[in-house]
Amino acid sequence: MQVTVKLFATFRNGRFKVTSQELTEGTACRTIMLGLELTEEQIGVVLVNGRHAALDQGLHEGDTLALFPLVGGG
Amino acid sequence: MNKIIRINMNDLSTRIEDVPAAWAGLGGRGLTSTIVAAEVPPTCHALGPNNKLVFAPGLLTGTPAANSGRLSAGAKSPLTGTIKESNAGGTAAQMLARLGIKALIIEGIPAEDKWYSLHVSMDGVAIREESELVGKWNFAVIEAIEARLGKKTGILTIGPAGEMKMTAANISVKDPDSKIRSHGRGGLGAVMGSKKIKFISIDDQGAPKVPIADPEKFKTAARVFAKALMDHPVSGEGLPTYGTNVLVNILNEAGGLPTRNFTSGRFDGADKISGETMNETITARGGKVKHGCHAGCIIQCSQVYHDQQGKYVTSGFEYETIWGLGADCCIDNLDDIARADSLMDDIGIDSIETAVMFGVAMEAGILQWGDSREMLRILAEEIGRGTPLGRILGGGAGSVGKTYGVTRVPVVKNQGIPAYDPRSVKGIGITYATSTMGADHTAGYTIATNILNVGGYVDPLKKDGQVELSRNLQIATAAVDSTGMCIFIAFPALDIPECLPALIDMINARFGISLTGDDVTNLGKHILKVERQFNIEAGFSNIHDRLPEFFTTEKVAPHNAIWDFSGDEIDEFWNF
């Protein structure tokens with residue numbers, strides 16, 4: 001399956017803004033996170049198709065995964 | 001020595017008073033709202049002689065406590081008709097606190113059609129007739145006052161918007177670099193203009209340090225507090241690196257970034273106006289990525305933004321301004337948004353109300369979507385000069401909506417809804433609906449828990465838990481707004497257990513008292529109830545605690561979310 005991965009804020013440093021990955025159907029968000037050498041402690045927010053998701057959530061064809069460190073403002 | 005100073009503009013007299021016992025434990029919002037509720041008739045005209053404009057530093061302002069330099073301004077709002085408190089950084093709060101001034105209360109309206117200034121110093125307040133700076137814009141006012149009275153002078157000023165009593169006018173506060181922070185919301189600049197006060201200058205020479213009852217206890221608590229601010233990823237890393245504008249991308253991804261006057265939750269040009277892009281741009285052009293709005297700020301969410309030639313354009317460039325002129329007006333040019341931000345400071349007009357207004361103005365056809373050149377022209381030549389169109393636009397989103405027959409007007413109690421779509425971030429919708437201030441994201445910032453995973457998580461797209469979340473945050477915020485603290489201390493306070501007790505310890509050490517966490521919560525509840533009672537007596541009821549109709553009939557992409565709270569469900573908010 002094709003999945004779009006987006007990174008934000010400090011996660012972009014030395015990585016990328018957005019990329020497309022070819023993965024096995026049902027691959028968990030956590031697997032992608034680990035592949036990017038990110039740890040669970042660094043993760044602030046995980047969005048799959050704009051909805052908050054757990055790291056264990058499996059992905060499907062066409063999904064967009066967005067990973068953020070803990071950020072805030074207002 | 002703490003004192004209250006009353007300035008009576010009816011007869012141009014001033015009076016120094018002792019602090020009544022009932023006000024001794026109050027500061028900031030708690031004090032301005034208490035004074036306004038006690039002394040301003042709720043049904044008065046906000047621009048008439050019976051309204052009062054109150055300034056109060058917070059309980060910890062002037063002490064070495066990190067991030068404690070906020071000033072509250074309060075009055076009846078000419079924009080909303082409700083009670084109003086709006087707080088800002090800048091240098092004025094700490095100077096007033098050192099002068100021992102718990103509150104300045106400005107009353108009445110001068111009999112003669114003349115302009116005045118107030119000069120605050122160790123000698124009290126002097127009222128002086130002013131002619132030279134009348135009609136001048138804010139940056140020129142600050143420059144002239146510094147030339148006249150010295151570089152260190154604290155300044156509160158109104159621009160042409162305030163002089164013309166536009167209901168979106170703000171009060172500008174000089175920051176440590178002689179630039180501007182703002183008491184933005186609710187049209188308090190118009191109240192200052194109605195009292196014919198062009199500016200207030202402050203000289204704290206000879207003022208003693210703010211007394212602290214138990215210095216050792218204070219020092220220990222202050223250290224714990226500062227460490228919590230530095231340790232939390234939001235206040236310690238995210239805000240100083242990307243500013244508040246880091247929110248553009250996350251709200252866009254979550255589908256809560258109001259776009260094209262609240263007709264979509266995502267903006268195609270989001271990345272171009274995002275905090276990440278802003279950080280790169282500032283770095284490449286030699287600006288400053290981090291910057292504090294007052295001495296003692298260790299979060300440093302502000303920044304200094306330069307143009308392509310490396311010349312200063314603006315500072316304190318906030319997410320809500322960038323969202324509003326950006327996504328909501330379909331402008332993806334950060335340089336033009338920065339120019340507009342500077343113009344709004346110079347004119348003295350609220351950048352949130354004005355940004356929401358431009359979205360409605362574009363829908364009305366006054367200018368085209370995305371036309372930043374025309375937006376800049378309108379700011380300078382119509383609003384800045386007070387043409388008839390400029391006065392309609394300077395009245396905010398509600399004013400232009402009414403004048404042009406627009407039905408999609410995002411306001412609550414006539415105040416523009418900022419930066420977070422209440423259909424796809426439902427907790428903030430409860431805050432917009434119920435806040436005593438009209439639509440105000442800072443009143444109970446549920447974005448923390450709905451979107452950012454700070455203070456736990458409540459699903460933004462479901463109704464469950466939103467009323468309770470907003471209630472708890474609004475109570476806590478009312479209390480924090482009384483301490484002089486920046487609201488961003490809430491991020492560590494929600495996640496780090498030592499943070500809030502350290503804040504309370506600092507208050508106890510400052511005054512030699514022994515408040516508990518419950519006392520602070522009760523203070524927050526009390527303030528909200530005092531404010532609500534004022535609003536009820538001004539003619540507001542639960543029927544006004546509602547979002548505009550279009551949120552209940554128009555679904556918003558990408559989640560096809562709708563505002564589906566019943567009136568009864570919203571009214572549960574006040575059960576405390």
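Helices α1 and α21 of chain B are roughly parallel to each other, because angles under 35 degrees count as roughly parallel. The axes of α1 (residues 28-39) and α21 (residues 517-537) of chain B come within 10 Å and cross at roughly 30°, where axes are lines fitted to C-alpha atoms, for helices over the stretch in contact, and angles run from 0 to 180 degrees between N-to-C directions. On the α1(B) side the contact, meaning heavy atoms within 4.5 Å, is made by B:R29, B:G30, B:S33, B:T34, B:V36 and B:A37, and on the α21(B) side by B:I527, B:L528, B:V530, B:E531 and B:F534.

This is a predicted model, in which local features need pLDDT of at least 70 and side-chain atom pairs count only at pLDDT 80 or more, while totals for chains, interfaces and linings use all residues. Residues are numbered from 1 along each chain as its sequence is written, chains are lettered from A and ligands numbered from 1 in the order in which they are written, and side-chain values use heavy atoms, with hydrogens and water left out.

Helices (H or I, at least four residues) and strands (E, at least two) are DSSP runs, numbered from the N terminus.

Elsewhere in chain B, an open sheet of 3 strands has the order β13-β14-β15, with antiparallel pairing. Strands β13 (288-291) and β15 (312-315) of chain B stand at its edges, each with a single partner strand, so one side of each is left without a neighbour in the sheet. Between β13(B) and β14(B) (residues 302-306) there are 2 bridges, and B:H291 has B:S302 as its bridge partner in β14(B). Helix α9 (residues 275-285) of chain B lies across β13 and β14, running at about 60° to β14(B).

Helix α16 (residues 426-434) of chain B is mostly covered, with 9 of its 9 residues buried. Its cover includes β16 (411-412), α17 (447-450), α18 (466-480) and α23 (567-571) of chain B.

Terms used:
Two strands pair if DSSP finds at least two bridges between them. Buried means under 20% relative accessible area, exposed over 50%, partly exposed in between (1.4 Å probe, protein chains only). Angles under 35 degrees count as roughly parallel, over 145 as roughly antiparallel, 65 to 115 as roughly perpendicular and the rest as oblique.
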